[in-house]
Amino acid sequence: MIPLSLGEIAAVVGGTVEGDGAVTVTAPAVLDGRQVEPGGLFVAFAGEHVDGHDYVGQAGRAGAVAVLGSRPTPLPTVAVDDARAALQALAAHVVARLRDGPTVVGVTGSQGKTGTKDLLAAVLSSAGPTIATIGSLNNELGVPLTMLRADAATRFLVLEMGARHVGDIAALTGLVAPDIAVVLNVGQAHLGEFGSRAAIARTKGELVRGLAPGGTAVLNADDPRVAAMRSLTDGPVLTFGRARHADVRVLDLTLDRLGRPSFTLRTADASSPVALPLVGAHQALNASAAAAAALAAGVPLDLAAAALATVSLSRWRMELRDLACGATLLNDSYNANPDSTRAALNALAAIERGRRIAVLGEMLELGAASEAEHRAVGEYAAARADVVAVVGEGARSIAEGAGERAVSLADNDAAVDWLRGHLAAGDVVLVKASRGACLDEVAAALG
């Protein structure tokens with residue numbers, strides 16, 4: 001974050017200084033008092049169940065020098081009526097003030113956002129100082145927090161942008177118009193909230209509509225709904241995927257015994273081999289999206305390919321590790337929807353080990369389609385796993401779809417007990433569910 005005095009912050013956000021207005025903030029803003037860096041700004045929200053103002057002391061001990069909140073605190077404070085609006089205004093101001101500002105890349109899609117963001121951040125970091133979304137902080141708070149981490153040295157700013165309602169991404173691009181807009185796919189995530197795939201497509205298209213003048217849209221040539229977003233911009237468009245007409249095309253895709261993809265990325269002018277240290281054929285498409293966005297940012301294909309060979313993903317996303325019992329864990333427990341679950345099951349099936357065990361929990365926010373989608377995932381899992389361990393009542397329809405291969409487990413504790421009693425050396429076990437199911441607890445308990 002660029003250094004700003006409390007008085008300057010108050011002027012930007014329309015707040016009142018309570019305490020020493022000359023105090024200067026030199027480190028990023030955070031919402032969690034445990035994550036403060038020395039010189040940082042603690043943003044306090046008075047929520048329905050938790051009041052951030054109660055944690056100002058904790059933030060101060062960690063190094064916070066000031067607070068942005070709705071009332072005075074023991075630390076110098078900018079008091080505002082709406083802390084969220086103030087945080088967003090401050091973020092927009094900071095990025096706008098950066099001299100010759102960074103190239104801003106927005107990434108959205110129904111699935112694969114975080115993985116592609118991680119890949120792209122690795123590629124761009126090889127070319128210059130890069131700030132990118134941490135984990136999946138991709139909402140109306142996470143995006144401005146990421147923006148506030150940028151400073152005068154930042155060359156690339158990568159912003160993962162999520163949405164739960166029509167207009168959410170438009171609001172985010174109102175804070176900063178991206179120079180490059182990456183749209184991965186239009187799937188079923190949050191279908192219950194949006195009501196239809198058409199509404200999801202409109203919302204993802206808001207990223208393209210929000211491009212800065214002359215900005216580049218990077219679109220999935222394999223997804224007709226995404227490819228159609230070409231009509232939403234008069235600026236340049238780059239496409240990626242396996243389609244013959246893709247500008248950055250995936251060719252000669254193969255998987256090793258651990259399901260890790262090797263392939264060639266080809267453009268009209270160049271080609272480069274890539275071997276990803278990640279599990280799942282779907283990662284090749286994400287890599288082509290990252291390479292296309294990097295090309296739009298001025299990073300050549302060979303440099304992008306070299307960086308892709310060393311990448312890692314945010315936690316709980318296709319993490320492969322050996323367990324003490326001799327089994328292998330594929331931890332993809334961060335989140336799930338029908339499309340991402342099928343991709344994870346394909347990855348499980350590609351791993352050349354012994355028994356394949358899929359531990360699956362509920363996929364949330366699917367609306368009226370929920371029961372049918374869970375049952376369909378169960379059928380899909382039964383064709384790719386030897387055992388389908390279904391956790392929780394909300395996932396019951398997965399067990400119905402999986403039929404004789406299903407084992408129904410009441411909760412996470414039951415899942416851990418069952419796995420400890422049944423896992424054997426050579427087995428590979430996938431753990432996958434929506435965030436609300438907390439199956440990361442199951443993965444952690446396995447060691």
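Modeller: Arg 405 has a relative accessibility of 37%, so Arg 405 counts as partly exposed in this predicted model. Its salt-bridge partner is Asp 386, with the closest N and O atoms 3.9 Å apart. That pair links distant parts of the chain, 19 residues apart: Asp 386 belongs to the loop between helix 13 (370–382) and strand 20 (387–391), and Arg 405 to the loop between helix 14 (396–402) and strand 21 (406–409). Asp 386 is also partly exposed, at 36% relative accessibility.

Another salt bridge joins Arg 396 to Glu 393, at 3.0 Å from N to O. Here Arg 396 is partly exposed at 39%, whereas Glu 393 is exposed, its relative accessible area being 59%. Both residues belong to a network of salt bridges that also includes Glu 371, Arg 375 and Glu 400.

A further salt bridge is formed by Asp 427 and Arg 355, whose closest N and O atoms are 2.7 Å apart. Asp 427 is in the loop between helix 15 (412–422) and strand 22 (428–432), while Arg 355 is in the loop between helix 12 (338–350) and strand 19 (356–360), so this contact ties together parts that are 72 residues apart in sequence. Asp 427 counts as buried because its relative accessibility is 4%, under the 20% limit. Arg 355, at 31%, counts as partly exposed. In total, the structure holds 15 salt bridges.

Terms used. Residues numbered from 1 in each chain as written. Predicted model: local features only at pLDDT ≥ 70, side-chain atom pairs only at ≥ 80, totals over all residues. Heavy atoms only, no water. Salt bridge = Lys/Arg side-chain N within 4 Å of Asp/Glu carboxyl O. Helix = DSSP H or I, 4+ residues; strand = E, 2+ residues; numbered from the N terminus. Buried < 20%, exposed > 50% of the residue type's maximum accessible area, 1.4 Å probe, protein only.
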